[in-house]
Amino acid sequence: MSKVFSPEKRWIITAVAVAGLIGGALLFTSFMRAADDAFFLCSTANARARATAAVADYSATPIQLEAIVHYATSRVVPQQNMAEISISFSVLKRHAPCNFLVFGLGRDSLMWASLNPRGKTLFLEEDLEWFQKVTKDSPMLRAHHVRYRTQLQEADALLSAYRSQPECLPSNAFLRGNDRCKLALTGLPEEFYDTEWDLIMIDAPKGYFPEAPGRMAAIFSAAVMARHRRRSGVTHVFLHDVDRRIEKVFAEEFLCRKYRVGAAGRLWHFAIPAAANSTDGDRFC
């Protein structure tokens, strides 16, 4: 007979699951790295000193400990479900510490930052009131309040017009100072432009009423940054809320169906190569 949990028990189970995800990731990573080090240390004269350094290196970071306590004791849980979170988590396990850009501050921000220990995790949020609340509650987060030049009601027009704007075309597209291309994110903090992002999570800005900024510029700019990648490997882009038309249409135009490597629930995962390694020519897809 199936058992139905009460709402109170469901949030406890979800909170403990998220805390376990973070704690398990930390334990697994530490164990594997320590095992590798132990093999090496056996053949060295200063094994004790190296072992001490290894313990310090693989110990939990303050934000990881804060995240475990937070999710284990709070009724507030991440807005993505476990299947969706697991897709990004599997990539983070392989690449952390890395450069992780997240569009949006939310109930999952502590989790994302803790899953990238000793890496750079940067959050961008357009809602000033929400930005102030989240950063007040979690001052350890690296976050910026940003503004967008688009509105959701312009999405179809922007999609139709970008091909006639040279500064929007993949061969010419750039972000910093590209005022001619409305889909390019301009006026953002310098570290947004100066960092080469390994993972990009698009779960903001708002995109559910006509005057909202929509995610058109975030999707376009993620594609531009991925194509400009100079380091080896691909750029992993995670797009949430693909059940909505605009997210889906812009993803297929700029992130490309052929680069989609995973999906769960309302989340799509793309692995986008640099332009030099793609066969798209003067097209995004």
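Guide: Ground rule before we start: two cysteine sulfur atoms within 2.5 Å of each other count as a disulfide here.

Visitor: Fine. How many disulfides does the structure hold?

Guide: There are 2. This is a predicted model, where local features need pLDDT of at least 70 and side-chain atom pairs count only at pLDDT 80 or more, while totals for chains, interfaces and linings use all residues. Residues are numbered from 1 along each chain as its sequence is written, and side-chain values use heavy atoms, with hydrogens and water left out.

Visitor: What does the protein chain average in pLDDT?

Guide: The average is 86, and 79% of the residues score at least 70. pLDDT is the predictor's confidence in each residue, on a scale from 0 to 100.

Visitor: Where does pLDDT stay under 50?

Guide: One such stretch is residues 28–45, with 12 contacts beyond four places in sequence. Another is residues 51–55, with 2 contacts of that kind. A contact means heavy atoms within 4.5 Å. Where pLDDT is low, the predicted coordinates should not be read in detail.

Visitor: Back to the cysteines. Which residue forms a disulfide with Cys168?

Guide: Cys181 does, with the two sulfur atoms 2.1 Å apart. The link is right-handed, at 115° about the S-S bond. Both cysteines lie in the loop between helix 7 (155–161) and helix 8 (190–194), so the bond ties together parts that are 13 residues apart in sequence. For the numbering, helices (H or I, at least four residues) and strands (E, at least two) are DSSP runs, counted from the N terminus.

Visitor: Is Cys181 buried or exposed?

Guide: Cys181 is buried, at 0% relative accessibility, and Cys168 is buried as well, at 3%. Buried means under 20% relative accessible area, exposed means over 50%, and partly exposed is in between (1.4 Å probe, protein chains only).

Visitor: And which residue pairs with Cys256?

Guide: Cys285, with the sulfur atoms 2.0 Å apart. That link is left-handed, at -95° about the S-S bond. Cys256 lies in the loop between helix 10 (245–255) and strand 6 (260–264), and Cys285 in the segment after strand 7 (267–272), so the pair ties together parts that are 29 residues apart in sequence. Cys256 is buried at 1% relative accessibility, whereas Cys285 is partly exposed at 26%. Cys256 also has a positive phi of about 80° although it is not a glycine.

Visitor: What pattern do the disulfides follow?

Guide: Counting bonded cysteines along the chain, it goes 1-2, 3-4.

Visitor: New topic: helix 4. Which of its residues are buried?

Guide: The buried ones are Glu84, Ile85, Ile87, Ser88, Phe89, Val91 and Leu92. Ser88 sits at 0% relative accessibility. Leaving aside neighbours within four places in sequence, Ser88 is in contact with Trp112, Met201 and Phe238.

Visitor: What sits at the start of helix 4?

Guide: A side-chain oxygen of Asn81 there reaches to within 3.1 Å of the backbone nitrogen of Ala83.

Visitor: Which side chain makes a polar contact with Thr186?

Guide: Arg149, at 3.4 Å. A polar contact is a pair of N or O atoms within 3.5 Å; within protein, one must be able to donate a hydrogen and the other to accept it, and residues adjacent in sequence count only if both atoms are side-chain atoms. Thr186 is buried, with a relative accessible area of 14%, and its place is in the loop between helix 7 and helix 8.

Visitor: Last one: how many helices and strands are there in the protein chain?

Guide: 10 helices and 7 strands. Of the 285 residues, 50% count as buried.
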